[in-house]
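This report describes how the secondary-structure elements and chains of one model are arranged. The sequence and structure are shown first.

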Amino acid sequence: MSFTAFCRRNLGFFKLAVASNLEYRLNFLIDSTVQPLVSSVVEMVLWMAIFKGAQAVEIAGFTQNYYLAYALWATFVARITVNWMYEFRMIEEIDTGSINGLLIRPMSYFEYYLSQLLGYKFITTIISFIFPVIFISLLELPTVWTRLPAALVLIFYYLIFVYGMSFCISSLAFFFNKVNSLTVTKNLALWLLTGELFPLDLMPENIKNFFLALPFSCGVYIPVGYITGRIDHSVLLHGFKTTTIGLIIVSVLGFFLWRKGVRSYAGTGA
Amino acid sequence: MSFAIETHEISRTFESYKKSEGLWNSVKGLWDRQVVYKVALKPTNLKIEAGQIVGLVGSNGAGKTTLLKLLSGLISPTTGEAKVLGFNPFERKTEFLKKISLLLGQKNQLWWDITPIDSYALLAKIYDLDETAARNKVKELSRLLHCEHVLETQLRRLSLGERMKMEIIGSLLHSPEVLYLDEPTIGLDIVAQEIIREFLNEYVKNRGPTVILTSHYMDDITKLADRLLLISKGALVYDGTVEGFVEKSENLQIVTYKFEGQPEQRSEITKTELNRFLNTISSKGQLESFKIEETDFEHVIHSFLQKESRLL
């Protein structure tokens, strides 16, 4: 198989995700814009209330505007770095046997959904990021615009790691059929571990260091902290390192789970 | 002689667990499950020549689809091995997957949210086909199936018959050398069944792929297959021609008769028993009507499957 054929095929999957998601335009617009916007507003109001209640100018060394900028970016970035839609779909396909139609094609299941996930997140990023850009500019909240490209590279690199986790979890469906509860549990844990719930620098130092040693902080805290000026380049580079280690671990685990799972697969359904 | 498909003692056993009735047994199932094994396909030896069209018939759960899944590499065998076009199917090598196609009549394999024409463009990329050639092939196949008008409509908006035609085009786009058709006409009306049957008949005659076809409609088998495999309880019980099977079925005859004032009755008897049967019923009273019919393949298979279902 030539590399050109591989790229052509994966570009096809990438476009498939864009076309399929834009087919249901209302659902797509709500998912990519309204939901994170509502979450942002809730979190920003919460931070304003905290500052007002505490009658403080700074919390952990940062002013209210830093927290508002963090809350605004965090919800939109978290929307990009979470993967439940394709994970649910993969679990469902293995459980019901719909995967049969894909297993007999000359392609790998891993690349099929990875390219789709990247396509879906690519279009979501383009459309949804309009909102934080507008609001940050209007409200003059702290953001270092030149840092945005590097943060986006980390976000998409981390997304591949997230997909690796999804692949491992969905491979478990070969053994246990329905494993959606794992997806929910994982996403709940990530809510805290990524720093979506609140910036990790509000945690006690040792817990913060532990969380930063894990790749999950690249889901929200590191890219958003970097964009909003809370952290410097070294932390961003550290994020690339931890994501790489995480990626290697989930790739090895996913490879074995998949290989064992496919062997025990009963080809459920017709 | 070159065989496109060869199996040696291939079998598959599925593992599941038994759950007894009741809420307590559901709770108990959390820590204690009684594992049960079901042999879906007993050790099977099979040789199919290149270009042969094989009809695979059996009742539900007999092992037809398991055999197709094993030969297409979807599932791994418990014992034995298979060679399809020289490949071990379960290795699912790209070169192998490019040469086969599996059409599952009860599952959509094209993409639900996009139009068939977009699906075919994607399939052309997956199979690394020349785009113009693929487009021309879609045109040709859709013309033969009388469905050019729905190519640009999302799959989810199509009727069952239209969807099946689209699936057939998708499964033939890469000109497979081995084609597995699992109930391609299931649930379709008679006209759609006829169109698909005619199309497949023309296609296999002209292109010559090796075909294994399963269907519950015996017209599909009689029109398309030149070899019949009957499968029962996971084992092949007949391997021969359709005509041979009918002959082997002891030349069954259907006798329909009616005594005065009584409802019509039907019996199936062999030719050798016919005289004795006629003597018996004529001694029972005055016959109002009497008819003898030769059984056809459909009927013989029906009787066979009925018998098998009772035994399952």
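Helix 4 of chain B passes helix 6 of chain B in a right-handed crossing, a crossing being right-handed if the near helix is turned clockwise from the far one by less than a right angle, and left-handed if anticlockwise. This is a predicted model, in which local features need pLDDT of at least 70 and side-chain atom pairs count only at pLDDT 80 or more, while totals for chains, interfaces and linings use all residues. Residues are numbered from 1 along each chain as its sequence is written, and chains are lettered from A and ligands numbered from 1 in the order in which they are written.

**Helix packing**

Helices (H or I, at least four residues) and strands (E, at least two) are DSSP runs, numbered from the N terminus. Axes are lines fitted to C-alpha atoms, for helices over the stretch in contact, and angles run from 0 to 180 degrees between N-to-C directions. The table gives two helix pairs.

| Helix pair | Angle | Axis distance |
|---|---|---|
| Helix 4 (116-126) and helix 6 (160-172) of chain B | about 15° | 10 Å apart |
| Helix 3 (64-81) and helix 8 (148-171) of chain A | roughly 45° | within 9 Å |

Helix 4 of chain B is therefore roughly parallel to helix 6 of chain B, whereas helix 3 of chain A is oblique to helix 8 of chain A. Angles under 35 degrees count as roughly parallel, over 145 as roughly antiparallel, 65 to 115 as roughly perpendicular and the rest as oblique.

In chain B, Pro116(B), Ser119(B), Tyr120(B) and Leu123(B) of helix 4 meet Met166(B), Ile169(B) and Gly170(B) of helix 6; residues are in contact if their C-beta atoms, placed from the backbone, lie within 7 Å. This contact has five nonpolar, two polar and no charged residues. Ala, Val, Leu, Ile, Met, Phe, Trp, Tyr, Cys and Pro count as nonpolar, Asp, Glu, Lys and Arg as charged, and the others, Gly among them, as polar.

**Sheets of chain B**

Two strands pair if DSSP finds at least two bridges between them. Six strands of chain B form an open, mixed sheet in the order 5-6-7-3-8-9. Strand 5 (100-104) and strand 9 (235-240) of chain B stand at its edges with a single partner strand each, so one side of each has no neighbour in the sheet. Strand 6 (178-182) and strand 7 (210-214) of chain B run parallel and are joined by five bridges, and Leu181(B) stands opposite Leu213(B) in strand 7. Strand 8 (227-232) of chain B pairs with strand 9 in the antiparallel sense, also over five bridges. In their hairpin, which has two residues between the strands, Lys233(B) takes a positive phi near 50°.

A second open sheet of chain B has three strands in the order 2-1-4, with antiparallel pairing. Strand 1 (3-18) of chain B is joined to strand 2 of chain B by 12 bridges, and Phe3(B) has Glu49(B) as its bridge partner in strand 2. Helix 2 (64-72) of chain B packs on this sheet, touching strand 1, strand 2 and strand 4 of chain B.

**Domains and chain contact**

Chain B is divided into domain 1 (3-16 + 39-247) and domain 2 (250-294), with bounds from an automatic or database domain assignment. Their C-alpha centres lie 42 Å apart.

The contact between the chains takes 23 residues from chain A and 25 residues from chain B. Helix 1 of chain A gives the most to the chain A side, with eight residues.

Key:
Contact = placed C-beta atoms within 7 Å.
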